[in-house]
Amino acid sequence: MKTLKQIAEISVLTEEQLKKIEKLILNDRFYPEITVREELDAFCTGLGMSDFYFRSTPIETIACHIEALRAAEILATLRREKVVKIDFQTEHENEALYLVEEDQAQGVKIEERIEDRYPHYRLQSYRTLRKARGLQHLRMYVVYKPQYGTDKVLPDETDMKKIADKTFLASVPRDTIDRYQCLLEKAKGWESPLIDVTPVPRDKELRISVVTKTDASPRFFSNVSDVINSHGLFSKRKYIEHFANGRTVYTFYLDEIKSKDKLRNLIEDISLIYVIPESPLSALFRENKLTAQEFVFSNSVWSFAHQFLSGYNEEYLKLADALKDSPERLGILRDLKVKLAKETYTEARVWEALISNHEYIKPLFVLFDKKFNPAIKDPDIGARLAALRKNILRTISVEADRNIFLAACLFIEVTLKTNFYMKEKVSISFMYRPDFLNRVDYPLVPFGLFHVIGRELRGFHIRFQDIARGGIRIVRSANLQCYLTNSDFIFDENYNLASTQQRKNKDLPDGGSKGTILLRWGFQDRPEAAFKKYIDGLLDLVLPDPGVVDYYGKEIILFLGPDEGTADLMEWAALRAQARGYRFWKAFTTGKPVSMGGIPHDLYGMTTNSVHEYVVRTLEKLGLKEEKMTKVMTGGPDGDLGSNEILISKDKILAVVDGSGVLYDPDGLNRKELVRLAKARKMVEHFNAKLLSAKGFLVTVKETDIVLPDGEKVENGLEFRNTFHLNPRFKANIFVPCGGRPSSITINNWTRWINDNGEPRFKVIVEGANLFITQQARLRLEEKGVVLYKDASANKGGVTSSHLEVLASLALTDEEWDDLMCVKDGKITDFRKQYVEEDLDFIRKNAAQEFEIIWKENARTRIPRSILSDMISEKINQIKDAVNGSNLIEDKDLLKRTLECCIPPVLVKKVGVAKIIQRIPASYLKALFASRLAGRYVYKFGLDANEIHFYNFLQEFKKNPVAVKLANGPIS
């Protein structure tokens, strides 16, 4: 038996420390002295446990670990195992210890267990360097609950005394503390993981440290272990340190890697694995059947194939031709075609195909890598891609599987840019060539198409012109079935919203665009994180980067705005664009807070001013007084449109349906109480039910088994809310949808809005919410006598205001913007007051002019208003494109007069036309010029306008633009 002095001579521990450990173990009286000495020798010298373990672990803890190892050996003996197998774990509320033989599957299992049970705990993991006493290499995991010096810490705080665990500060060397502090300071403002790679020459090791936000990727630690194993490497020790400022540092120590290519590939894989969640393909990655890059690539292929694979187009076209005279049956056929295609290529079905035929993923990734890896950059892959297509057609026998892998080939072919090979990223993003979309499902080809994939999200961004603007919408799912439906149709929803926006923006320089962010199932509580990763994914492709191979080759200018779930995030997005160096950062988002110079739609009721103008003018034409009218609404007092519709209108509101439930009173809801909710931006669930009449009721989505005043039983409040717009009680003179899901009224259910006498429930419908009613349903309602103004015409006040916010941000310097538009300490400049007033005036005049031309053309031609709205949009867009493609802008006098007439006077007076022309990007200036001329021309001469009219219009406009009294100006 060795003496403690002999053990100390070859151990990191001193003889005194060994004495203390031995004494602690003996005091427990579990083992005799000779056994304790043998275990002490084996643990401290025989296993090759990391020196850092002994230097940083308290003596008491080491004693516990030695006892645990001995206990595991005894258990193995009692089980009569010929080879001692160690699988020991002890778990408590504030700490845990795991000791296992090194095995990849077992290690990952333990690490995932730690991530699940101890998500914000410190972790130290050590691998023994040698085998001893019949044991294999062991892996130890030590888990502690951190204790911080203070509870209140700002996100950017880097003072280690405030943000680090007390034990960490007391046990690790000063240089280690300084290193962590340096990493945290470097990571300030970073959304993507900060990856630091440092050689440790003394120990012939490589240290990889990764700084992330604490909740950014719960499976990141185990995933990095998988990546390291997939490269044939192992970590000697690894750590997780959580800090009170919301940052986490992961550190991995490996043997030094001399190959630069091998190291680069390892770091690329770590950055990739951060952005993609667990999926059915994860098992293939862990089994080394797919590399990390192939795993992330195949997840991207899955998202592309699931979203864009369609089918039955030929059959549909034949049947559609036969049913062209029956709109209802044609609508049913269309729904059936879409349903069949989506049911063929469900999420699960695409996963199944990729797993069953995973051997095809490798050759596909080889071509993707050749095209987009900056180290290779080989665009000439056409012949090899064609050969792979032939092989897929020849060798994959199941048609659905074959189509999924052909879609993978298409994915590689149509991708123009990707951030796949960027070192720092938080999501994977792709820019596609949009002409691959099939014309049956998507008849209007977009100008640009982005696809963003992240742990919490799948998102798209579609724009129909080079210069385009539109809101970003977050789509939540109330339950799994709702999520699966949203997942199937998220791109279709995005496309329909963007095409509506394109029609809506007809007389504006920025064409239509829209973005959607679908929260993955299990991440419904992470909208802000999803939004930020979506924005960074877009910026990755907008801004130049050496890690991005660019087959588009042109500058990309994006303007975004608020939509459902994103109004409070516009400020962050603009500041993020500024931090990343986007030169149009002020214009990147609209609807920013007033402190940033933004013009929030909800604060000023921009959209509602347009919607309500249509309501008021319709009632005037019909000889009706608003005060005598009844109204029902979807979208409640908590939202932009709902709150402002309540505040600006004078009618009697009978029903409001919002996210919290159904509020209804046939005698009229208490207007004072509604105004209170609208000003407080609270949902109808906060309505004082004592103010309802005996016939009124409030049913929230959380309630079940409710009995209404008339005796009707409501089993489920959520279902009641979801279908109340079809309930017979939902009727009034006016319906203004201010919220609600797209396609709530379709060709299949529109008859629910017709009573037993064949009369419609509403005299007037003015769509505030986008796409609430489908086009075929609109046409049927108009046939029944409903005066209906669709979304693309009625609710463009918000987009008009956003255009003017963009215009000001482009025309003003950063200093001028800060001085003139930003509200500081509650002080509003005279310039800003005037600009907002001119904005509202512009919106009301624009709405009035389009209303008048639609009313006039409907009276003259009897063409339904829903069709006239599209016809006017198409006419203006055609002329806008023609002007854009001409050299008219070279007529400097015409350009000057157009800008003077169509830009708010307060901006012209402050900056001057000459400087505005210099400051605004050429592409935007051209779009501004074309849109103004096209809009004014069509609103003056109508749909029958011809080339002669246009010539006369230009001559008149050049002489006296103010005399051309049109919707787009002059603003006075």
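This is a predicted model: local features need pLDDT of at least 70, side-chain atom pairs count only at pLDDT 80 or more; totals for chains, interfaces and linings use all residues.

Residues are numbered from 1 along each chain as its sequence is written, and side-chain values use heavy atoms, with hydrogens and water left out.

**Stop one: a helix pair.** Select residues 15-28, helix α2, and residues 59-78, helix α5. (Helices are DSSP runs of H or I with at least four residues, numbered from the N terminus.) Their axes sit 9 Å apart and meet at an angle of about 55°; the axes are lines fitted to C-alpha atoms over the stretch in contact, and angles run from 0 to 180 degrees between N-to-C directions. That makes α2 oblique to α5, since under 35 degrees counts as roughly parallel, over 145 as roughly antiparallel, 65 to 115 as roughly perpendicular and the rest as oblique.

Now show side chains. On the α2 side, look for residues including Leu 24 and Ile 25; on the α5 side, Ile 62 and Ile 66 are among those they meet. Contact here means heavy atoms within 4.5 Å.

**Stop two: Glu 111.** Pick Glu 111 in helix α6, residues 104-117. Is Glu 111 buried or exposed? It is buried, with a relative accessible area of 2%. (Buried means under 20% relative accessible area, exposed over 50%, partly exposed in between, using a 1.4 Å probe and protein chains only.) Leaving aside neighbours within four places in sequence, Glu 111 touches Tyr 141, Phe 221, Ser 222, Ser 225 and Lys 238.

**Stop three: another helix pair.** Jump to α35, residues 892-902, and α38, residues 922-941. Here the angle is about 75° and the axes are 10 Å apart, so α35 and α38 are roughly perpendicular to each other. Leu 895 and Leu 899 are among the α35 residues in this contact, and Phe 929 and Leu 933 are among those from α38.

**Stop four: Phe 950.** Select Phe 950 in helix α39, residues 947-959. Phe 950 counts as buried at 17% relative accessibility. Leu 933 is 17 residues away in sequence, and the two C-alpha atoms are 9.5 Å apart. Beyond neighbours within four places in sequence, Phe 950 is in contact with Ile 879, Val 883, Leu 888 and Tyr 937.

Select Cys 409, buried at 0% relative accessibility, then Cys 822, buried at 8%.

Methods. Helices (H or I, at least four residues) and strands (E, at least two) are DSSP runs, numbered from the N terminus.
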